[in-house]
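Subject: Structure for you to look at

Dear colleague,

Please find the structure below, followed by notes on what was found in it.

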Amino acid sequence: MVAAVQVRDVGKSFGATRALDGVSLTVGQGEFFALLGPNGAGKTTLISALGGLARADAGTLSVMGFDVRAQYRQARRSVGIVPQEIVFDPFFSVRETLAFQSGYFGMTKNGAWIDELLERLALTSKADANMRSLSGGMKRRVMVAQALVHRPPVIVLDEPTAGVDVELRQTLWKFIRELNKAGHTIVLTTHYLEEAEQLCTRIAMLKAGRLVALDTTANLLAAFSRRVLRLRLVSGSLPPGIAASAQLDPTGRHMVPIDDFSQVADVLVALKAAGAAIADMEVTEPDLEDVFLKIMRHEDAPAAGRAPP
Amino acid sequence: MSGFPTLFRKEIVRFWKVSVQTVAAPVLSALLYLLIFSHVLSGRVEAFPGVSYAQFLVPGLAMMSMLQNAFANSSSSLIQSKISGNIIFILLPPLSPLELFGAYLLASIARAAAVGAGVFIAAFLLVPVPIAHPLWAIAFGVLGSGLLGALGIIAGIWAEKFDQIAAFQNFLIMPLTFLSGVFYSIHSLPPFWLGLTHLNPFFYMIDGFRFGFFGQADVSPWLSLAIAGGAFCALSFFALQLLRSGYKLRT
């Protein structure tokens with residue numbers, strides 16, 4: 001089966017800035033894929049190159065097997081992009097905006113799907129309102145509808161939930177999950193890592209234009225993050241064997257990394273033997289934020305060593 | 001199916017929604033020019049035998065308005081889309097450079113036609129003008145507004161600010177139209193200015209257009225057609241190259 005998105009050795013510079021530096025990745029059809037990284041990592045540049053808004057200096061990109069340069073018509077038909085910045089045409093209403101966008105893809109009789117999009121994104125009551133009169137969140141929904149109006153097999157969302165209220169976020173993800181179940185490939189960038197962790201099965205992390213991690217969410221969590229037993233003592237102290245690996249969290253609790261729950265019993269036994277009494281404790285699961293920070297910090301380490309004083 | 005018809009229609013709807021500003025205002029300006037100049041100068045100038053000054057003025061004013069509005073249409077649409085950022089909505093769909101060019105060009109011609117028709121309808125009530133060769137008039141009307149539409153596309157792609165579009169209008173298009181023989185027959189000019197006018201492509205468009213009405217012109221309509229046509233082809237080619245290269249549109 002042809003890859004939904006294929007990126008091979010893509011490089012892109014803006015003046016002296018290397019926005020993308022030899023990035024390669026493949027997103028399979030039907031995947032829910034996250035593209036993560038700090039600001040300026042190159043996520044938006046990569047998405048722009050995919051949609052033909054930017055041109056890669058090196059390497060190739062394809063969508064559903066269509067090269068974004070040589071076969072731009074098929075490639076652009078295959079992808080719907082929700083840009084990060086809120087933009088709109090103040091001349092038109094919501095429905096006009098969607099009808100025009102559909103027409104640009106050659107789909108002039110698309111009213112039923114447009115009505116469905118309006119319904120699903122809770123825009124029906126605003127269908128005939130001018131774009132100017134909409135709130136930021138509403139405009140964002142229209143942009144999502146614009147990206148979906150030609151029913152692209154691949155949907156790319158560049159920080160779709162930035163500055164968006166909880167209700168819309170949930171409506172949006174519910175809809176996107178359904179589209180994913182129906183076979184659409186989803187590529188998403190976000191700064192809300194819990195969103196990526198809940199939604200995406202695979203994650204790529206970019207830093208300074210380079211790919212620094214690419215794996216399933218489960219593998220990344222397992223490899224870079226561990227469960228932590230957090231406990232507060234009423235009396236006594238941690239025995240040396242445990243204290244060696246423990247740290248204090250911001251609330252003053254001891255954090256003891258554990259690999260599985262059976263180790264909890266070992267810790268408790270050791271504490272009892274040392275005469276320490278526990279005030280409270282909990283086991284926290286690994287999370288993506290932890291993974292993200294570790295990978296980004298790890299990537300910093302060699303560079304920091306070389307940095308001038 | 002191609003996205004071209006939709007983009008063309010969108011560009012038409014865009015200017016038509018604000019037609020008071022984009023059509024009615026230039027028609028009114030042209031009529032004011034007609035009233036004032038024909039009042040001040042009538043009887044003192046006869047450009048062609050048997051053609052009054054007011055009659056002489058009507059096609060020139062109409063063409064001037066058409067040229068200015070053809071430029072304004074494509075350039076302002078592009079610069080507005082670029083500055084507001086919504087240009088991405090036409091860059092993301094599978095529209096080819098030729099489709100983009102064609103849609104903006106034809107919309108410019110359509111706006112010029114609306115303005116030109118407005119000027120004629122209103123002017124005819126005041127000053128009836130003969131139409132000797134309608135096909136010549138149409139040919140120059142379409143070619144002239146096409147040329148300015150293409151120039152507007154180039155300016156719209158190149159410019160980064162509204163001021164730069166305004167500079168195009170004030171320092172290029174205004175002088176070229178005002179010095180092209182809209183208000184006078186160039187045979188009344190001193191030799192230096194006459195020579196200079198022959199270097200002005202706008203002169204040929206207006207002179208050829210006028211030939212369509214009076215059957216008389218300062219130069220042969222075939223020469224005017226060749227020059228206007230050549231300039232149109234050159235600018236169109238250049239505009240298409242800019243669109244193909246993605247210059248200032250795709251990073």
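Strands β12(A) and β13 of chain A (residues 254-258) run antiparallel and are joined by two bridges; Q247(A) has M255(A) as its bridge partner in β13(A). Helices (H or I, at least four residues) and strands (E, at least two) are DSSP runs, numbered from the N terminus, and two strands pair if DSSP finds at least two bridges between them.

This is a predicted model, in which local features need pLDDT of at least 70 and side-chain atom pairs count only at pLDDT 80 or more, while totals for chains, interfaces and linings use all residues. Residues are numbered from 1 along each chain as its sequence is written, with chains lettered from A and ligands numbered from 1 in the order in which they are written.

The open sheet has four strands in the order β12-β13-β11-β14 (chain A), with antiparallel pairing. Its edge strands, each pairing on one side only, are β12 (247-248) and β14 (277-284) of chain A.

Between the chains, 25 residues of chain A are in contact with 22 residues of chain B (contact: C-beta atoms, placed from the backbone, within 7 Å). On chain A, helices α1 (43-51), α2 (72-78) and α3 (94-104) each supply at least two residues of the side that touches chain B.

M205(B) touches M63(B), L67(B), F140(B), L143(B), G144(B), S224(B) and A228(B), leaving aside residues up to four places away in sequence.

Regards

Technical notes
Two residues are in contact if their C-beta atoms, placed from the backbone, lie within 7 Å.
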